[in-house]
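Here are my notes on the model you sent over. Have the structure open while you go through them.

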Amino acid sequence: MPDAILKAADITKEFGGITALKDLSFAVQEGAIHAIIGPNGAGKTTLINVLSGFLPPDTGTISLNNQVITGQKSHDIAKLGIGRTFQNAEIFGNMSVLENVMVGRHTRTSAGLFSSALTLPRARREEKQIRDHALSCLETVGLLDLAAVAAASIPIGNQRLLEVARALASEPRVLLLDEPAAGLNTQETRMLAELIRSIQQRGITVIIVEHDMELVMDISDDILVINFGEKIAVGSPAEIQANPEVIAVYLGEEG
Ligand SMILES: Nc1ncnc2c1ncn2[C@@H]1O[C@H](COP(=O)(O)OP(=O)(O)OP(=O)(O)O)[C@@H](O)[C@H]1O
Ligand SMILES: [Mg+2]
């Protein structure tokens, strides 16, 4: 069995009186597609926010490749190799599809977003590298044809793919996806499943929060189930589908 690439130990996060995550521990195997499921309000997005440094946990430790990253800023965690998308697609509507992806690439380069406006040869070279790499990320998600289009004008399904392309542009080792199938039709969801598999085949570990159980059971190697911020089960899709507690609190709801 490969080693865990990402580990969370005893994570607690409270908002006022609400305990969104409670003593949560889990490990993600390198190269796996690892799903996180649970009812609305279970704490899934909070967990993604904590893993990616968008929120500090109150207690607990997160490590990437056995290096503790707890408390680091989201920007630095992105540099260390954790990329993410957002539950509500966070698109810069007034920028083109290509520019939206180029923003993701800038975490990797030294010149920075604004010095690229200078006509220094190094900045120009970097700009071209950023553009070429962004185009290859758009090709990966199947949006190359829309590169020049204003991002606000593309449908929600494509916006979700655009977010995946932007996250890929930062060359993550671990990619966190928060409900990537929300708003997608059956055909788009099928294509998303293929895309996630192809990302895994590149050696990127994928953590996916998702309500679409068919998708989750289809693509996941491991599944973590949380309810009211606590772990209630972890296992393979077959184990999770047969777990009485999971059926009672979660899958049972869906009939
Ligand atoms: N910034 C915040 N301030 C206050 N409460 C919050 C905040 N973020 C989340 N919560 C609360 O924490 C709990 C967990 O929320 P979270 O968004 O993590 O759930 P979720 O599992 O992602 O739900 P969903 O499936 O609906 O996206 C909820 O009770 C939510 O209201
Ligand atoms: Mg959520």
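1. First, overall size. Bear in mind that this is a predicted model. A compact globule of 255 residues would have a radius of gyration near 18 Å, and the protein chain has 18 Å, so the two agree. Along the principal axes, the C-alpha atoms fill a box of roughly 60 × 40 × 40 Å.

2. On secondary structure, you'll find 10 helices and 10 strands in the protein chain.

3. Next, packing. Of the 255 residues in the protein chain, 38% are buried. Counting contacts with a separation of 6 or more, 67% are between residues 24 or more positions apart.

4. Now the domains. Domain 1 is made of 1-81 + 174-255, while domain 2 covers 90-171. Between the C-alpha centres of domain 1 and domain 2 there are 26 Å.

5. How many residues of domain 1 are in contact with domain 2? Nine are, and they meet eight residues of domain 2. Looking at the domain 1 side, the elements that put in two or more residues are α2 (74-80) and α7 (186-201).

6. The side of domain 1 that touches domain 2 has five nonpolar residues, along with two polar and two charged ones.

Notes: Residues are numbered from 1 along each chain as its sequence is written. Chains are lettered from A and ligands numbered from 1 in the order in which they are written. This is a predicted model: local features need pLDDT of at least 70, side-chain atom pairs count only at pLDDT 80 or more; totals for chains, interfaces and linings use all residues. Helices (H or I, at least four residues) and strands (E, at least two) are DSSP runs, numbered from the N terminus. The radius of gyration is taken over C-alpha atoms; the globule rule is 2.2 Å times the number of residues to the power 0.38. A residue is buried if 20 or more other C-beta atoms lie within 10 Å of its own, exposed if 12 or fewer, and partly exposed in between; C-beta atoms are placed from the backbone. Two residues are in contact if their C-beta atoms, placed from the backbone, lie within 7 Å. Domain bounds come from an automatic or database domain assignment. Ala, Val, Leu, Ile, Met, Phe, Trp, Tyr, Cys and Pro count as nonpolar, Asp, Glu, Lys and Arg as charged, and the others, Gly among them, as polar.
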